[in-house]
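Hi,

Here is the structure I said I would pass on.

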Amino acid sequence: MPSADPARDSIALWQQLQATAAVLLLVRQGTATTSALEKLMPVLRPGVQALTFQVLRSLGRAQALRQRLASRPPPNETDALLCTALALAWNDHSAPYDAFTLVNQTVEAAKRAPATKAQANFINACLRRFLREKSALVAATDNDPLARWNHPAWWVAHLKKDHPIHWESILTANNAQAPMTLRVNAMKSGRDQYLGLLKAANIEAIPSGECGVTLVSALPVQAIAGFAEGVVSVQDAAAQMAAPLLLRGLDLALPLRVLDACAAPGGKTAHLLELARCDVLALDIDSQRCERIRETLQRLGLGAQVVAGDAANPASWWDGRPFDAILLDAPCTASGIVRRHPDVPWLRRESDVARLAADQTRLLQALWPLLKPGGRLLYCTCSVFKAEGLDQVQTFLVHHTDASLLPSPGHLVPHFRANLEGVPDNSEDDHDGFYLALLEKRAA
């Protein structure tokens, strides 16, 4: 079906494959997909993003197939193009085009790029063999863990250790596409009212959590009813749990002084302001990301003090007045949001887990003294690794006798209706992997 954009319709498949391989090459070199896509012409980005996400979700399989087709690794550009074609063509049920078309257009892409032109015959020979022996080659890679799970071996090992019962389901969920979930702005609409608005616009959606809805089919934000007017924001159901959990049990009749550390892009800052009369300090170390916080708040008609600063160094930004509540959504491996960011397993290194856990420890140590006695700190990460969740909080409690753990969701994993620490999770939501722990400072 032709798109609404004639320029996009004029783009040949070989051009999209060429660009997808270029993005994959950058990811392999350590560049996030979002940044890599920004290097492309705008008309290319939507189609290439869709292809890239599919390639990343089958990259392990593609690499295993390529090893059987060519015992010696080809040049990086050639390997990226070859793996792009194999990732898209190996499974007939999910292939965006038939295998013969993908092979023909991949060879055309190779011929038209200076970096791969000399390797076009090699690519053609590998892919023609793949077409002839497809069933046997796929079957031969079925027992390869890299092909089976499409995650690096170290990642799989971490999940087996941390979640011995559910590790397979987590990996399976990671390779699926996440739903589009919206948070309804309680200051402008109720959830049921907003569901009615969507129904009137012929947009199918279902309830999600306390104040969210999940769209049956994802849409561009510009096409979402009420988005431009600040009626809704895009936010996963797990992330929507953070603000209500932090505020629960506090006296909302008072103007609460709240710190949202590591606040960009501002979703949780906004949620706090939608739910309560808060004096919020939204902090982020990156001044450019602080602009995203301001843009989020402006769209929603909300106000907060936005400051660029290092949360681990309060002396550079804190005025000495303690906070009633602190939200620490700490930088992490993002191991819980792979279904939204399938480049994450291929960007991360095993050493990142310990490095980021050490950063999280420093943040907790630095922010705890800023909390009033009787105040609450919500520690959360979008990670399923226990080093960034349960282990982090247990160690903190051992070293801080003035801290107590309040009832919290703990580790939530993609597609599960209960968490892994025995705390009931009554939600029916489809959410990302996440960790939430609510800590209270005991009064002296």
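This is a predicted model: local features need pLDDT of at least 70, side-chain atom pairs count only at pLDDT 80 or more; totals for chains, interfaces and linings use all residues.

I started with the rings. Searching the whole structure turns up six aromatic pairs. One of them is Trp 154 with Trp 155, a tilted pair with 5.4 Å centre to centre and 55° between the planes. Trp 154 and Trp 155 are both buried. Another pair is Trp 368 with Phe 396, this one edge-to-face, at 5.3 Å centre to centre and 80° between the planes. That pair ties together distant parts of the chain, 28 residues apart: Trp 368 is in the loop between helix H18 (351–367) and strand S9 (371–381), while Phe 396 belongs to helix H19 (residues 390–399). Trp 368 and Phe 396 are buried too. Going back to the two tryptophans, Trp 154 and Trp 155 form one aromatic cluster together with Phe 385.

Arg 61 has its charged end over the ring of Trp 90, 4.3 Å from the ring centre. Arg 148 does likewise with Trp 149, its charged end lying 4.0 Å from the centre of that ring.

Next, the sheets. An open sheet of seven strands runs in the order S7-S6-S5-S8-S9-S11-S10, and its pairing is mixed. At its edges are strand S7 (305–308) and strand S10 (403–412), each pairing on one side only. On average, neighbouring strands here are turned by 15° against each other, ignoring direction. Strand S6 (residues 278–284) pairs with S7 in the parallel sense over four bridges, and Leu 281 stands opposite Gln 305 of S7. Helix H15 (residues 267–275) packs on this sheet, where it touches strand S5 (256–261), S6, strand S8 (323–329) and strand S11 (434–441). The direction of H15 makes about 180° with that of S6. H18 lies across S5, S8 and S9, and runs at about 165° to S9.

Then there is an open sheet of four strands, ordered S2-S3-S1-S4 and paired antiparallel. Strand S2 (205–208) and S4 are the edge strands, each with pairing on one side only. S2 and strand S3 (residues 212–215) run antiparallel and are joined by four bridges; Ile 206 stands opposite Thr 214 in S3.

Which residues of helix H12 (residues 167–174) are buried? They are Trp 167, Ile 170, Leu 171, Ala 173 and Asn 174. Looking down the axis of H12, these buried residues fall within an arc of 160°, so they line one face of the helix. As for what they pack against, it is helix H4 (45–57), helix H10 (145–149) and helix H11 (153–162).

Last item: Gln 235, which sits in the loop between strand S4 (232–234) and helix H14 (242–247). Is Gln 235 buried or exposed? Its relative accessible area is 8%, so Gln 235 counts as buried, the cut-off being under 20%. Setting aside neighbours within four places in sequence, Gln 235 is in contact with Thr 181, Leu 182, Arg 183, Gln 240, Gly 267, Lys 268 and His 271.

Cheers

Conventions. Residues are numbered from 1 along each chain as its sequence is written. Side-chain values use heavy atoms; hydrogens and water are left out. Buried means under 20% relative accessible area, exposed over 50%, partly exposed in between (1.4 Å probe, protein chains only). Helices (H or I, at least four residues) and strands (E, at least two) are DSSP runs, numbered from the N terminus. The arc is that of the directions from the helix axis to the C-beta atoms. Contact means heavy atoms within 4.5 Å. Rings of Phe, Tyr and Trp (its six-membered ring) pair if their centres lie within 6.5 Å; planes under 30 degrees apart count as stacked, over 60 as edge-to-face and the rest as tilted. A charge sits over a ring if NZ of Lys or CZ of Arg is within 6 Å of the ring centre and within 35 degrees of the ring normal. Two strands pair if DSSP finds at least two bridges between them. Axes are lines fitted to C-alpha atoms, for helices over the stretch in contact, and angles run from 0 to 180 degrees between N-to-C directions.
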